Number of protein chains: 2
Amino acid sequence: MSNTIDDPKAPFVPNYLLYLLAAASEAASARFHSHVRTRGLRVPEWRVMACLTDTDGSMVTELARYAMIEQSRLTKIIIQMDARGLVTRRSDPTDGRRVRVFLTPQGRALAEELVADARAHELELLKSFQGGDGSEIKDTLRALIRHLEADQPNQPGISDSPARDAAIADS
Amino acid sequence: MSNTIDDPKAPFVPNYLLYLLAAASEAASARFHSHVRTRGLRVPEWRVMACLTDTDGSMVTELARYAMIEQSRLTKIIIQMDARGLVTRRSDPTDGRRVRVFLTPQGRALAEELVADARAHELELLKSFQGGDGSEIKDTLRALIRHLEADQPNQPGISDSPARDAAIADS
DNA sequence: AAGAATTATATGAAAATTCATGTTTTCTGG
DNA sequence: CCAGAAAACATGAATTTTCATATAATTCTT
């Protein structure tokens, strides 16, 4: 199978890496996300719960990074989850600015069920996809993520030519 | 590098396929998306433009699938883009229900610039990532997408046991 | 060919998200 | 120790998104 990105007749979108990543993510998540919703959680809430099973008691900013949710948005989500009894918030005794988030017993029970479901779903998906445990695709994705997070400076630039930028800017 | 998903001590999230896909998608897109915003478009608008460079004149529903945007949301986005002169909408002469969406000359100019930028960005990213043209990772992603879209029925179920479902449902 | 069903898009209200900024607490240099 | 800077969260208004459903046009059924 060859890359068709340079063929002028080939469509752009279906061969564009960023599209393929987004589409793969969506397609892979669709079923489980709808399962999550049947359990009464929205996807960002599920993400928070899953992260807390790993790092219970983390502060809002940490959680935001871990769950890929913007901070002010996460704050609002956490407040709702607190109101629903899924998590509690305690300010850090050491640093009064920090708010640490914990799963409640009820929240933990739900989170652990969903994580178990997620593991099962993942296993079946990987088995049916390529028969393996997914270490190949996972390693590739991890490498990509590491690569992208690594070189902050001089990341693959969008436009290296100032002249071109100017031309673009006033169109 | 081995898969650590079964190690009970290993964190769940960073080894979870759905997380890795979402994180890779986000990380890979971040820079280009911010470029898109500097050009005055939001990401969903960019997606619409990119899709239209492939399939100008497609109907709203087609575009929604292609751009991975829910229909009613897309309708609103398109109305805004129409107001800004980026696209036009014409009802299909053959089937009055259908609304076909076209890039305006201005929209096309911007779209083509951004597609060129996207191609350039992608090339640099792939070169700096693994030195190649990305056909490996792309093929994997395409295969995954195909696999997921293929088996609608009996997709890797979240829970195959009705008993377990019931237990989950009333917790 | 009429009525029912289906398809395509639009719409409205509720809810979520974004973005800029406010508040509080801690850190830092002098 | 103090002033100013920085860090961590919270908040509010504007905008977007969602979800259910309305409207309109076509197709199917009998």
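This passage describes the predicted model of two protein chains, from their overall arrangement to individual residues.

Because the model is predicted, local features are reported only at pLDDT of at least 70 and side-chain atom pairs only at pLDDT 80 or more, whereas totals for chains, interfaces and linings use all residues. Residues are numbered from 1 along each chain as its sequence is written, chains are lettered from A and ligands numbered from 1 in the order in which they are written, and side-chain values use heavy atoms, with hydrogens and water left out.

The secondary structure of chain A comprises seven helices and three strands, where helices (H or I, at least four residues) and strands (E, at least two) are DSSP runs numbered from the N terminus. Read from the N terminus, the elements of chain A follow the order α-α-β-α-α-β-β-α-α-α. Of the 171 residues in chain A, 49% are buried, buried meaning under 20% relative accessible area, exposed over 50%, and partly exposed in between (1.4 Å probe, protein chains only). Among contacts in chain A between residues at least 6 apart in sequence, 47% join residues at least 24 apart, a contact being heavy atoms within 4.5 Å. Chain A exposes about 8,500 Å², of which carbon and sulfur atoms supply 52%; accessible areas come from the Shrake-Rupley method with a 1.4 Å probe, and for residues only the protein chains shown count as cover.

Two copies of a chain are related by a rotation about an axis and a shift along it.

Leaving aside residues up to four places away in sequence, A:W46 touches A:F32, A:V36, A:L41, A:A111, A:L114, A:V115 and A:A118 in chain A, together with B:F12 and B:Y16 in chain B.

In chain B, three strands form an open antiparallel sheet in the order β1-β3-β2, two strands being counted as paired if DSSP finds at least two bridges between them. Strands β1 (58-59) and β2 (87-91) of chain B stand at the edges with a single partner strand each, so one side of each is left without a neighbour in the sheet. Two bridges join β1(B) to β3 (residues 99-103) of chain B, and five bridges join β2(B) to β3(B). B:V101 in β3(B) is the bridge partner of B:S58, and B:R89 also stands opposite B:V101. Four of the five residues of β3(B) are buried, so this strand is largely enclosed by the rest of the structure. Helix α2 (residues 43-54) of chain B lies across β1, β2 and β3 of chain B and runs at about 90° to β3(B), where axes are lines fitted to C-alpha atoms, for helices over the stretch in contact, and angles run from 0 to 180 degrees between N-to-C directions.

Helix α3 (residues 60-67) of chain B has as its buried residues B:V60, B:L63, B:A64, B:Y66 and B:A67, which pack against α1 (17-38) of chain A as well as α2, β1, α4 (71-83) and β3 of chain B. In chain A, A:A64 lies in helix α3 and is buried, with a relative accessible area of 8%. Not counting residues up to four places away in sequence, A:A64 touches A:I69, A:Q71 and A:L74, while A:A64 and A:T75, eleven residues apart in sequence, are 8.8 Å apart in space, C-alpha to C-alpha.

Most residues other than glycine have a negative phi. A:M68, although not a glycine, has a positive phi of about 55° and lies in the loop between α3 (60-67) and α4 (71-83) of chain A. In chain B, B:M68 follows α3(B) with a positive phi near 55° and lies in the loop between α3 and α4 of that chain.
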